[in-house]
There are 2 protein chains.
Amino acid sequence: MAEAGIEQDLLIGVDLGGTKILAGVFDAKLNLLGSYKMSTKPQRGPEGVVERIARCIEDAVDECDLDMARVKAIGVGAPGSVDSEKGVVLFAPNLEWKDFPLVERLQRLVEVPVLLENDCSISMIGVYEVELKSKPRSVVGIFVGTGIGGGLIINGELYRGATRCAGELGHMVVDINGPKCGCGNRGCLEALASRTALFRRIRQAVKEGQTTLLSEMLGRDLEDMRSGDLRKAIKRGDKFVERVVEEASEFIGIAVGNIANILGPEVIILGGGVMEALAEEILPTVQKIARDHAMPGALKGVTIVASSLADNAGITGGAVLARRVP
Amino acid sequence: MAEAGIEQDLLIGVDLGGTKILAGVFDAKLNLLGSYKMSTKPQRGPEGVVERIARCIEDAVDECDLDMARVKAIGVGAPGSVDSEKGVVLFAPNLEWKDFPLVERLQRLVEVPVLLENDCSISMIGVYEVELKSKPRSVVGIFVGTGIGGGLIINGELYRGATRCAGELGHMVVDINGPKCGCGNRGCLEALASRTALFRRIRQAVKEGQTTLLSEMLGRDLEDMRSGDLRKAIKRGDKFVERVVEEASEFIGIAVGNIANILGPEVIILGGGVMEALAEEILPTVQKIARDHAMPGALKGVTIVASSLADNAGITGGAVLARRVP
């Protein structure tokens, strides 16, 4: 596809989220050369989003003063359940996509081989490859962003299960009477502790008269709220926001306890945009509640940590995936 | 340990539960020759229970007109978390045991090598070895009895995780506001759908004036209630008991959905005493609710079945374990 004579030494990782698209340009050794961020605008529909993904990739490459002709392959992480082999996004509630052939559509636009994985599996691959130097045999990654997803490493390898859909930790029901989730059920972890859930609870409370520094910082409608704003409000002493984040952390802690009881992994690593912004606030509560909920022995020697790759986990995993193209 | 010249060709499997001890005598080909059942009487403390286990084994062998001298090894499944290597039961809330060296104590009484596993892991081994002829790569077993436990087969092998405690599915929290569990937390699957939970709910309702055929069948105090009584009451048209079993089935269904989302196994198999008695009543609801709760694709091609080994899964697994003794 590329011009003859040009070495194709660049790897692109794309993290497609419900809120934003992040494209990263990596060299063959997985060094990040530069990245570009764009809003997803899912309301434009899948075709509109694919165009934005292509543009985001091109802008990232251009930002690095490099040329698309040098790109070897692109690895894309998409939210929800995906069929990696067919390159199809099966179901992505945050994007309102069903059975969308993302790989075919994106390849048509960028003329470079595209590989697809679930966004959390791809983040898990990125974290495992770059961050977990001790190469633990079993790892569970929980990625908290617009939604919540997970990735599993079992016996040193990404585990997708017989269904190729394993790792959907965000749709673990922990409170059957909890709020409705995008997937249609009630009380999924995602409905209780994702960015969407946090913001929903804050907006609802403000509507009902709750005062918060966030209104001062962002205006009464809280329209451009980001996870980092929550951290700022907490740092400035906002007890309400602190409590909302605390509650979400407790739910994550229960989920971590559940996972320890079920899978007993060596490392449980928390990543995603919300963790990037609020790790300091969230992690200690998660560790405490998980220890309260795990059976004796189920967290013995188990490390519960925040990913330092944070928001770059997905694009890093995308590059790891892209590197596998022969 | 045995007399010289006598061939040691018998394998013993023991299923130690909160309510009863079941010991099975198997030949080298895992054919069940006979079994013996005894109540556990956990109130007598661990030493008292170990004596009963030894007696139950001896009675089982005697029942078959066989001799203890022919026993090669004994495999015991104990509830809760165990350290198989050290032969210690770490924590068994149903028995109120903590750090009890079961293997050493039992070996002292029976003078035959004893191996220990978690009761659900051992049931999983039994079911996998004898019942799942297609040898699926990944299986989750859920065993519903006095408590609820699970066993995992991943990549064709029993999976205990880094902590050696994996598979504690009964302590998956599915309703944070649910009833208190023996483990100290709220809303664990075990507190919602085990035999103990079913009986507690029925007794509570009767106390509060609920009428049920069970009172006719068993007397007002419902003292000798068994899972089979619930089936009989339902068959005779008791809508209240039907609803209690239905609710428990719904919780199991949610747990199965969670597991499908997390692990995506090929087969999910339900066993244990409650399932043996009530499979016909429980399984259809579990299948329906699990499909409602699993993400699209997460149950595609996945079989949700009841174990036909039922209450013999544990002793069968014990024999499989005992067979491994050189």
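Residues are numbered from 1 along each chain as its sequence is written, while chains are lettered from A and ligands numbered from 1 in the order in which they are written. In this predicted model, local features need pLDDT of at least 70, side-chain atom pairs count only at pLDDT 80 or more, and totals for chains, interfaces and linings use all residues, with side-chain values resting on heavy atoms and leaving out hydrogens and water.

Chain A is divided into domain 1 (10-118 + 313-323) and domain 2 (125-309), with bounds that come from an automatic or database domain assignment. The C-alpha centres of these two domains of chain A lie 24 Å apart. Where domain 1 of chain A meets domain 2 of chain A, 17 residues of the former are in contact with 17 residues of the latter, contact meaning heavy atoms within 4.5 Å. About 1,200 Å² is buried between domain 1 and domain 2 of chain A, and carbon and sulfur atoms give 56% of this area; buried area is the accessible area (1.4 Å probe) that two parts lose on being put together, summed over both. Of the area that domain 1 of chain A buries against domain 2 of chain A, 30% is supplied by A:N94, A:E117 and A:A313, more than by any other three residues.

Across this interface of domain 1 and domain 2 of chain A, the rule finds two salt bridges, a salt bridge being a side-chain nitrogen of Lys or Arg within 4 Å of a carboxyl oxygen of Asp or Glu. The side chains of A:R160 and A:E117 also meet in a salt bridge, with a distance of 2.5 Å from N to O. Between domain 1 and domain 2 of chain A, three residue pairs are in polar contact, both residues being at pLDDT 80 or more; a polar contact is a pair of N or O atoms within 3.5 Å, where within protein one must be able to donate a hydrogen and the other to accept it, and residues adjacent in sequence count only if both atoms are side-chain atoms. On the side of domain 1 of chain A that touches domain 2 of chain A, two or more residues come from each of strand 5 (81-83), strand 8 (114-118) and helix 10 (313-323) of chain A, and helix 10 of chain A gives the most, with six residues. Helices (H or I, at least four residues) and strands (E, at least two) are DSSP runs, numbered from the N terminus.

The contact between the chains takes 41 residues from chain A and 41 residues from chain B. Chain A and chain B bury about 3,500 Å² between them, with 63% of it on carbon and sulfur atoms, and A:I176, A:I262 and A:M295 supply 19% of the area that chain A buries against chain B, more than any other three residues. Between chain A and chain B there are zero salt bridges, whereas 22 residue pairs, both at pLDDT 80 or more, are in polar contact. Strand 10 (148-154), helix 8 (239-263) and helix 9 (273-293) of chain A each supply at least two residues of the side of chain A that touches chain B, and helix 8 of chain A gives the most, with six residues.

Leaving aside neighbours within four places in sequence, B:D175 is in contact with residues including A:V174, A:D175, A:I176 and B:L192. B:D175 and B:L192 are 17 residues apart in sequence and 8.7 Å apart in space, C-alpha to C-alpha.

Over all chains, a search of the whole structure finds 32 salt bridges. The side chains of A:K235 and A:E280 form one at 3.0 Å, N to O, linking helix 7 of chain A to helix 9 of chain A across 45 residues, and both A:K235 and A:E280 are exposed. In helix 9 of chain A lies also A:E281, which counts as buried at 16% relative accessibility.

How values were computed
Buried < 20%, exposed > 50% of the residue type's maximum accessible area, 1.4 Å probe, protein only.
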